[in-house]
Amino acid sequence: MAAALTGSAKSTWASFLKSIASFNGDLASMTAPPFILSKTSLVEYSAYWTEHPKLFVAPAKEADPEKRALLVLKWFLSTLKQQYSSRSEKLGSEKKPLNPFLGELFLGHWDDEEAGRTELISEQVSHHPPVTAYSIFNEKHGVKLQGYNGQKAGFASMTINVKQVGVARLRLEKWDEEYLITLPALHIEGLVYGSPFVELEKSTIIQSSTGFFAKIEYAGKGWVGGKSNSVTAELYDNKNGKLLYTISGQWTKELVVKQGKTEIERFEHGDKNPTTALSIKPIEEQDPLESRRAWAKVGAAIDKGDYEETGIEKSKIENAQRDLRKKEKEEGTTWERRYFSAVDQVEAIDALVDRAGKFMKGVLGLTPLCMDEPAKTNGVWVFDTKKYDDVISGRKAEEVKRAGEIVLEATEHATGTAEAQPLVDRE
Ligand SMILES: CC(C)CCC[C@@H](C)[C@H]1CC[C@H]2[C@@H]3[C@@H](O)C=C4C[C@@H](O)CC[C@]4(C)[C@H]3CC[C@]12C
């Protein structure tokens with residue numbers, strides 16, 4: 001048990017496992033050992049979509065819609081390793097990310113000689129339930145990705161099961177083409193050994209507006225003869241149900257593309273295809289709502305291994321946010337999201353969900369796709385270009401400055417306590 005841990009960490013982990021085993025259904029009743037806390041906020045995770053900017057823009061250059069759909073599928077598969085296993089690889093195990101506060105931002109860009117500049121805007125648009133929205137765009141190639149996601153967690157047989165709610169949408173301006181991407185379910189394995197890691201499960205789809213559908217199925221080691229991080233993706237033509245390509249292998253390692261029985265390519269996203277580093281402003285130049293600045297003291301305490309200070313600094317931010325919400329309630333106001341707006345539905349999404357649903361039911365004989373209820377994410381979140389233009393033109397300079405001051409003031413006045421950390425944040 002907890003082979004990777006020693007001393008007091010080992011016994012803390014053992015009591016944590018015991019609490020999982022006797023889990024009574026209330027996630028808030030479970031607390032995570034402090035050493036499993038990461039100093040990275042979940043709002044940063046949106047960056048995992050584009051750590052290979054060249055692959056992100058590659059579909060924009062392809063004139064053949066079928067090959068474009070294949071390039072989109074390849075790019076999507078390349079994001080899985082970053083999203084779901086990069087932290088375990090880097091830190092030795094999965095960690096519990098910081099729970100972003102409402103309005104928290106993560107802003108940056110990737111510069112790549114070939115792809116040009118790709119911008120990232122990630123904002124925590126809801127705290128209860130927690131939802132992150134993002135917009136990632138490359139103007140040079142007219143490639144735009146926007147999406148939003150939240151998580152629903154549960155526990156069974158020593159495993160944390162996570163269902164993702166929300167979707168991602170990729171737009172290729174030049175071809176007036178949209179892709180709807182659904183998000184995989186996952187579970188956390190390795191808890192018994194004190195080294196948690198993510199395994200993906202079930203399936204996701206990518207439906208294009210030009211009539212291509214991809215079904216991506218995930219499996220892990222437990223499956224008969226299965227290897228960890230296994231994936232099989234099939235790309236179909238919506239018109240005639242013809243299977244065009246399959247891609248299979250391990251999403252952490254090598255993937256093989258086949259047309260019929262003929263292998264046409266092998267690719268991987270490890271050392272042979274390194275990621276591009278994201279550039280973000282130095283902390284001193286960041287807005288007070290920017291994640292690394294806002295959580296700097298918590299991050300420093302985690303680095304020092306000072307769990308009491310971690311708890312105090314973390315709860316200061318959380319208490320400040322509680323105070324702000326209380327004040328807003330009293331005043332009948334709401335926190336103004338800087339870059340995103342919630343709507344009830346988006347026609348483009350509905351059309352793609354409908355198309356994918358019909359194809360899944362009619363041709364593949366699967367349960368048709370349907371969207372999660374917007375209530376689960378406090379609405380369908382869209383990138384608000386008017387808000388963005390107002391911010392970058394400076395028209396909203398006063399409001400932006402004031403929002404930062406409000407958060408800073410509230411945090412300065414808040415008191416912190418070295419309380420236990422809930423496993424999955426909920427209040
Ligand atoms: C380690 C354990 C004891 C605590 C549980 C932490 C749990 C809340 C974390 C662990 C893995 C996290 C996933 C992560 O793998 C990747 C993504 C993709 C990203 O686009 C959106 C967030 C999401 C789903 C993370 C959510 C928080 C998870 C489940």
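Analyst: Exposed means over 50% relative accessible area, buried means under 20%, and partly exposed lies in between. Bear in mind that this is a predicted model.

User: OK, helix 8. Which of its residues are exposed?

Analyst: Glu347, Lys358, Lys361 and Gly362 of helix 8 are exposed.

User: And which residues of helix 8 are buried?

Analyst: Ile349, Leu352, Val353, Ala356, Gly357, Phe359 and Met360. These residues span an arc of only 165 degrees around the axis, so they sit on the same side of helix 8. The exposed residues are on the other side.

User: What do the buried residues of helix 8 pack against?

Analyst: Strands: strand 8 (159-172), strand 9 (177-182), strand 12 (203-208), strand 13 (212-219), strand 14 (230-237) and strand 19 (380-383).

User: How many residues does helix 8 have, and what does it reach from first C-alpha to last?

Analyst: Helix 8 covers residues 347-362, which is 16 residues. Its reach is 22 Å, close to the 22 Å expected at 1.5 Å a residue.

User: Switching to helix 7 and helix 10. At what angle do they pack?

Analyst: About 115 degrees, with the axes 8 Å apart. Helix 7 is residues 307-331 and helix 10 is residues 397-413.

User: Left-handed or right-handed crossing?

Analyst: Helix 7 passes helix 10 in a right-handed crossing.

User: Which residues make the contact?

Analyst: Helix 7 contributes Lys316, Ile317, Ala320, Gln321 and Leu324, while helix 10 contributes Ile406, Val407, Ala410 and Thr411. By class, the contact has 6 nonpolar, 2 polar and 1 charged residues.

User: Now the loops. Where is threonine 210?

Analyst: Threonine 210 lies in the loop between strand 12 and strand 13.

User: How far is threonine 210 from alanine 320?

Analyst: They are 48 Å apart in space, C-alpha to C-alpha, and 110 residues apart in sequence.

User: What about threonine 252, buried or exposed?

Analyst: Buried, because its relative accessible area is 11%, and buried means under 20%. Threonine 252 is in the loop between strand 15 (243-250) and strand 16 (254-259).

User: What is threonine 252 in contact with, leaving aside neighbours within four places in sequence?

Analyst: Lys81, Ser85, Glu89 and Asn229.

User: Last one: what separates the C-alpha atoms of threonine 252 and threonine 204?

Analyst: A distance of 17 Å, with the two threonines 48 residues apart along the chain.

Definitions and conventions. Residues are numbered from 1 along each chain as its sequence is written. This is a predicted model: local features need pLDDT of at least 70, side-chain atom pairs count only at pLDDT 80 or more; totals for chains, interfaces and linings use all residues. Side-chain values use heavy atoms; hydrogens and water are left out. Helices (H or I, at least four residues) and strands (E, at least two) are DSSP runs, numbered from the N terminus. The expected span of a helix is 1.5 Å times one less than its number of residues. Buried means under 20% relative accessible area, exposed over 50%, partly exposed in between (1.4 Å probe, protein chains only). The arc is that of the directions from the helix axis to the C-beta atoms. Contact means heavy atoms within 4.5 Å. Axes are lines fitted to C-alpha atoms, for helices over the stretch in contact, and angles run from 0 to 180 degrees between N-to-C directions. A crossing is left-handed if the near helix is turned anticlockwise from the far one by less than a right angle, and right-handed if clockwise. Ala, Val, Leu, Ile, Met, Phe, Trp, Tyr, Cys and Pro count as nonpolar, Asp, Glu, Lys and Arg as charged, and the others, Gly among them, as polar.
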